[in-house]
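Here are my notes on this one, colleague to colleague. Have the model open while you read.

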Amino acid sequence: MATESPTADIRIGADAIRRRKRGVPIVCLTAYTYPIARLLDEHVDLLLVGDSVAMVLHGHKTTLGASLEMMIAHGQAVMRGSAKACVVVDMPAGSYEDSAAQAVASARRIVGETGCQAVKLEGGVGMARQIAAVVDAGIAVMGHIGLLPQSVEKDGGYRIKGRTDENAAALFADARAVEEAGAFSVVIEGTVEAVAAEITRRIAIPTIGIGASGVCDGQILVIDDMVGLTVDRVPKFVKEYADLRSVVSHAAARYASEVRDRTFPGPENVFSATLGKDNR
Ligand code: KIV
């Protein structure tokens, strides 16, 4: 297995993403590990080390299982595995909501220990002070509005946003607050198309949609959903571009059968006493 990191190259920065408003759609995926970052880097503009890692890789029920240490460890792996993509690391729940000072301290730790290009945090009007303080500290911030995974327990589940006039007005205010606080882009999650379209039209920073239709300036999906590795039900907005569940399951079944009938390891997989060309 290759272990070298990709050679350092010119990375896409947060400012370059900001300039892509109304341009060619911005391609984003989550990534949590070194090998996946290596595979995705050449295809995407932005890799998000999402706090969805707590659910996808660590088996927690919600993203509240993510910690600062967990995000930093996965952020470091993704930075080692990528050379081109703008890498954004999620600020986990509990690391920024209390005060602007807490947000700045956590963001400094994430950027200092991973070298990532930006951090992301959830919330609009209510988190504007935190976003502005982190931006003032010289750290680029991606906002996140609409359905907020860190608040699903408080919200009573995964509820699509923007279905009432009152909620749509709150989302417009959130989008404006995130923009005015200095974020370079904003994720809109689980929001009806008309509202996502109007937000995209009204604000000057790129909107990145997930379950917010194709009208946004870019799209993001959770990598495990996109390649068909998610074992539980996948949301309606996901398109599975591969079926890795079946690939992994069939490979494991063949391996198990070959170990049991002793056809694995075969002659090509064993070492002889004499050194040959393939004998390491
Ligand atoms: O944590 C995550 O994967 C995210 C995406 C859903 C945008 O925040």
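Helices (H or I, at least four residues) and strands (E, at least two) are DSSP runs, numbered from the N terminus, and the expected span of a helix is 1.5 Å times one less than its number of residues. This is a predicted model, where local features need pLDDT of at least 70 and side-chain atom pairs count only at pLDDT 80 or more, while totals for chains, interfaces and linings use all residues. Residues are numbered from 1 along each chain as its sequence is written, and side-chain values use heavy atoms, leaving out hydrogens and water.

1. Start with helix H11, residues 244-260. Its 17 residues reach 24 Å from first C-alpha to last, close to the 24 Å expected at 1.5 Å a residue.

2. Have a look at what follows. Just after H11, Arg262 has a positive phi of about 60°. Pro265 also belongs to the segment after H11, and the peptide bond from Phe264 to Pro265 is cis, with omega near -5°.

3. Ser213 is in the loop between strand S7 (207-210) and strand S8 (218-221).

4. Now the ligand. Residues around it (a heavy atom within 4 Å) include Thr30, Leu48, Asp90, His144, Glu189 and Val222. The shell divides into four nonpolar, four polar (Gly counts here) and four charged (Asp, Glu, Lys and Arg) residues.

5. As for polar contacts (pairs of N or O atoms within 3.5 Å), a ligand oxygen is 2.5 Å from a side-chain N or O atom of Ser52. The corresponding distance is 3.0 Å for Asp51 and 2.8 Å for Lys120. The protein covers 97% of the 260 Å² of accessible area (Shrake-Rupley, 1.4 Å probe) that the ligand has on its own.

Key
Polar contact = N/O pair within 3.5 Å; in protein donor to acceptor, adjacent residues only side chain to side chain.
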